[in-house]
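Me: I would like to learn how to read a structure like this one. Please show it to me first.

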Amino acid sequence: MATENVLEISKLNVGFATERGMLKALRDVDLSIPVGSIVGVVGESGCGKSTMINAIIGLLAHNARVSSGSIVFEGSDLLQKSERELRDIRGTRISMVFQDPMVSLNPVLSIGTQMIDIQYRDAISKAQKRARSIEMLNRVGIPDPESRLNNYPHQFSGGMRQRIAIAMALQAEPALLIADEPTTALDATLEVQIIHRLRDLQHSMGCSILFISHHLGVIAELCDYVVVMYGGEVVERGTVRDIFHRPAHPYTCKLLECDPARIVETTRSLPTIPGEIPDLANLPRGCIFADRCDRKIDICSEVAPSTSELAGHHWTRCHLAAAEPTA
Amino acid sequence: MWLYFLKRVLLGILIVVVAVSLLYSMIHMVPGDPVKTILGPRASPELQAQIRDKMGLNDPLPVQIVKFIGRVAQGDLGEDVFKRKSVNTIVFEQLPHTIYLVLAGIGWAMLVGIPLGCLSAIYRYSIIDRIAGILSVSCIAIPTFVVALYSVLLFAVTLKWLPAIGAGDGESLGSYISHLILPAFAVGLGWVGYLARLVRASMLEVMGEAHVRTARAFGLPERTIVFKYVLRLAILPTITLVGMGIGILLSSAVFTEIVFARPGIGRLIYDAVTSRNYPVVMGSVLVTTVLFVISTTIADLVNALVDPRLRPEK
Amino acid sequence: MSDTTTRLDTTQLPGNWQNFRRALKRVLREPLGALGLTLVVFVLVSAIGADWFSSHEPNKIDIKSKLQPPSAEHILGTDQLGRDIYSRVLVGGQIALKVSLVSIGIALVIGLSLGLIAGFGPRWLDNSLMLLFDSVRSFPTVMFALAVVTLFGPSLNTVMIVVIVTQIPIYGRMVRSQTLALRDAEFILAERALGAGFFRIIGMHMLPNVIGPLLILASMDIPFVITIEAGLSFLGMGVRPPTPSWGTILNDGYSYIYNTPWPVIAGGIPVILTTLGFTFLGESLRDVFDPKLRKEI
Amino acid sequence: MKPLLELKDLRVRFRSRSSLSALINGDRDPFVDAVNSVSLQIGEGETYGLVGESGSGKTTLARSIIGLVKPQEGSIRYDGTEIIGMPSSQMKKFRGIVGTMFQDPVGSLSPRMTIRSLLAEPFKIHGMTGRDLGQEVNRLLEMVGLNRDFGSRHPHQLSGGQARRVGVARALALNPKLIIADEPTAGLDVSVQGEILNLLDKLQAELGISILVITHNLNVVRHITDRMGIMYFGRIVEQGPTSTMFDQPSHPYTLALLSANPEPDPDAVIDRLELQGEVPSLLNRPPGCEFHPRCPFVEDNCKSTFPEITQLSDDHSYRCHHPRHVE
């Protein structure tokens, strides 16, 4: 392991105390983000993407319990840090871009106020902070940034707001940017604009990005590494080529198969994954995907598989892979 | 911006006009002769004729309403037919006492209620929140006149700390203020509860919104988040409620002024009702209605100043 | 977990028996809700059974035993005419509840219809109804009541008319805003696209979603109306003597406040308990049904 | 092929500001055109895909067909009968023979009704209470592959995919000949998306219905539609057979949309036509061709002259001065 990781999650377990008992939202999650890389997370609703992000930035809901594991960021475990220490990391070393640009900015404060407020730690004059904000807006492609700084969020379009959110997130030159479905709410032509802008900025600033999306095309185009999640587990992770060209976990294979964009010949009968995610408060004994898996063997519904490494940087959590490793 | 202001003020004026017309039409809904209703059955026929003529009751109703509104717009509320005194003089003599009472009441309610609500929201579901919740709901539940009666009983009759009756000797400010304390306490108490509950509820609502998560994700200090990012939004419904509150406190003032035998517009109306002095009743109801409309209008305008989303684009 | 979209959550509102029982359970789990419910049941029972529970004829004058403190004979003492305050309080409660339930009921029906008309009708009708509502609301309630009393004379009916007139705009406005929010909801469009007519949409799809919040609002108005009745009676503008009302008991007591505190205390406590009960119950009902206040996962 | 539905020069206008503020601002035309001179035909048994980004007018167009929105001019003919200006009793009947599906799978079901009563609604509305409703409802549940137990549930107790199935069942209850589906796969995971599309396809094959699909998802359109139209700013800028449109697009906007669709393959080389800026507001209609401010191939005449429809072949037409297929 030569590469240095900016973030490394290992054996993370998070549950939610609910009326129906403990809801095991994340189980033994492993993930690493090499310095300067873009890691994509894919998975369908209920796979635990949001919980994982919240665990990283320390903003889990009140009824969440982290039972074990570690989240090592730049050499120290975030789970061991106090609320104060975490706050010092948020917005400086780790920042975030959220899904819905229409609601993620404060509606009654001007863009300028919000951009200057988040620089509260820096001992520079307000004029300097303002200048820095203008420069940042310029870099994300907001025309006429100087005067638009006085505008309020509702005066911008959705695409513009997402650019502003990116500008705010990158202003402090963080080591890690977490982007939670940043383009889902946008139209296709804007999505392309934002993704390109994000990649250019990442190149010039040299930060790492954790990019969450359910859009396989975007993941393939933007990311270096991909993490596939299902029902609160990381079922497979590897380089983007591993995942798209040599998927090992049956779920990954199915997910790729289902994407109509990957089906070259036009067909009227699209593949599906029958069944549903099991109840996370009442987990099955064996593999989490066993119910819906068409390559299930006897052991699958008895024993939960452990993670096995297939090749460098390519892991999967499946009995099949452990039995017959593919090179 | 100015267009919104203009629209809102015009709406306020329109509301007053409709309200006055409704009030005026009510006289005609009474079965029988309105003059007899106003003066009572024992008034002399000459007086009746005189009043009918003076009030223009011989015109058709819409004409009467237009004439009446015209007079009111010029600031003429009519004449007290018994005392032969202008209603304006009578009402505006009493009005300041009520306004001081209402402002003192809503003032202390805001000073206590808003921080209490913030505290509840910040420490939600804690013991502080629970106690504050019980206190505020209890404050809301106890009617003003019962508060007034009990505070007379406790502070004036039993403990003899504060004066119970009147508005002071009219000479010293200190005496006026000491006479204001109990009435203001009585009218404001329920509003402590209202404001605390509303501030808590709207703060909790705003705290659940996505942009607060953004602020947290940028590591802003909790103080900045609560007082700048949350309160600025959560205060908007409170401003509206305070605007309404001033009008509702005018109602409560009636009870308070009677229990404490204070001068004021509430007492004036009460006395006018018991002596069936209709012009004075009409004049005072009208003035209080206008006050109500003015306070809600101001609240809306303040809201527009605080909330950029309400400002129309250029 | 967090990517659920916020949509109007009306499914949590009371509507069927199952939901009702679940709601009742949740109300009872909160100490204040349980207290509120107990008080409300207590007040309702004592008002309904006032005739059985009372120990004396409420209007029977007995000057010899006037202004007595509480005793075994007179649980809450007697007033200046020697009438038994306990019996008068019971009958007064009956009147207070009757006034509030009847007038709120009537105001609800009218407010609901006007609100639906405003929300569904043409723009000009909506605008004029709103203007009317705003105008009526701009009368301070008690001032308006006094003006009505001068015209119609003090009576229980006058109190009810005042309550009805002043409450209609509040319910009407709420129904209207709910209706406007629902009018463009996709499920309403879907019903229209199926060919459903105006009345079917209003009756089957709008009403069930509007009525829940409205009933909660109305239940929180009961203490307010009780206060208005007691207040006007206190001013001598409501219930005519000798009929007992909490307001008149307080007024009588106030005249003798320097002689004895008991009538004021005895007349005030039922008002406080009733309003507390209804307010606690209403608050906890709203907490149970208001999804905005229950954000934890 | 005989057209089942035929739209001709359809125009839908909305009031953009109240008459009072229009008067104050001296605005003589306080209306905007949400749909502008749209003509299209859908044949019997055909699937037509209407593609466009948010605000392009596609949803308004769909709603105007069933009379939820009143068109300003033009004609809508169903089976030869004019729909616009139909008396309301006939409109009610027409709504019975056109099945409609709305975007939000759960939100388009009346929240307080059970699934059973929701499915009985179409029969009750059209006075068909004579037949055995219970049996009809069971038939519908079976048709869309839902267990009978679902009948007693409420909409919020269903997953998106299940609720969508109920929507399909409701749309098909009265044996329609035409189905209008607005974003039938919005908000659904890829694995479920296929199920719904396959269901629609199966039913179409069995019942011979025509389908109008409104979507922004090009991948879906490619597989399930016979013909498609691209909408921009209230107009159809290009329409034709789906395969032709994907292979030889004429309009620059079609080209941009197609290339803005990221491929789920990390090694894909995409010759991308990236658009600048965003869709202008309907309040500021650009002169000439509405697409010219964003068009990479803009020339002088685009800014002044509005392009008329050019018929490339029998069923392929576009609105552009400088179409791309020529190169």
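This is a predicted model: local features need pLDDT of at least 70, side-chain atom pairs count only at pLDDT 80 or more; totals for chains, interfaces and linings use all residues.

Me: Which exposed residues sit on the face of H4(A) turned away from its buried side?
Reply: They are A:Ala127 and A:Glu135. Residues are numbered from 1 along each chain as its sequence is written, while chains are lettered from A and ligands numbered from 1 in the order in which they are written.

Me: Which residues of H4(A) are buried?
Reply: A:Ser133, A:Ile134, A:Met136, A:Leu137 and A:Val140 are. They lie on the same side of H4(A), because they cover an arc of only 165 degrees around the axis. The arc is that of the directions from the helix axis to the C-beta atoms.

Me: Which helices do the buried residues of H4(A) pack against?
Reply: Contact means C-beta atoms, placed from the backbone, within 7 Å. The partners in chain A are H3 (111–117), H5 (145–148), H6 (158–171) and H7 (188–205).

Me: How many residues does H4 of chain A have?
Reply: Helices (H or I, at least four residues) and strands (E, at least two) are DSSP runs, numbered from the N terminus. H4 of chain A covers residues 126–140, which is 15 residues. From first C-alpha to last, H4 reaches 21 Å, close to the 21 Å expected. The expected span is 1.5 Å times one less than the number of residues. A:Gly141 follows H4(A), and its phi is positive, near 90 degrees.

Me: How many helices and strands does chain D have?
Reply: Chain D has 11 helices and 12 strands. Its radius of gyration is 21 Å, close to the 20 Å that the globule rule gives for 327 residues, so chain D is as compact as a globular protein of that length. The radius is taken over C-alpha atoms; the rule is 2.2 Å times the number of residues to the power 0.38.

Me: How do S11 and S12 of chain D run, parallel or antiparallel?
Reply: Strands pair if DSSP finds at least two bridges between them. Here 3 bridges join S11 (residues 310–313) to S12 (residues 316–318), and the strands run antiparallel. A hairpin links S11(D) to S12(D) through 2 residues. D:Ser313 stands opposite D:His316.

Me: What does chain C contain, in helices and strands?
Reply: Chain C has 11 helices and 0 strands. Of its 297 residues, 47% count as buried.

Technical notes:
A residue is buried if 20 or more other C-beta atoms lie within 10 Å of its own, exposed if 12 or fewer, and partly exposed in between; C-beta atoms are placed from the backbone. Two residues are in contact if their C-beta atoms, placed from the backbone, lie within 7 Å.
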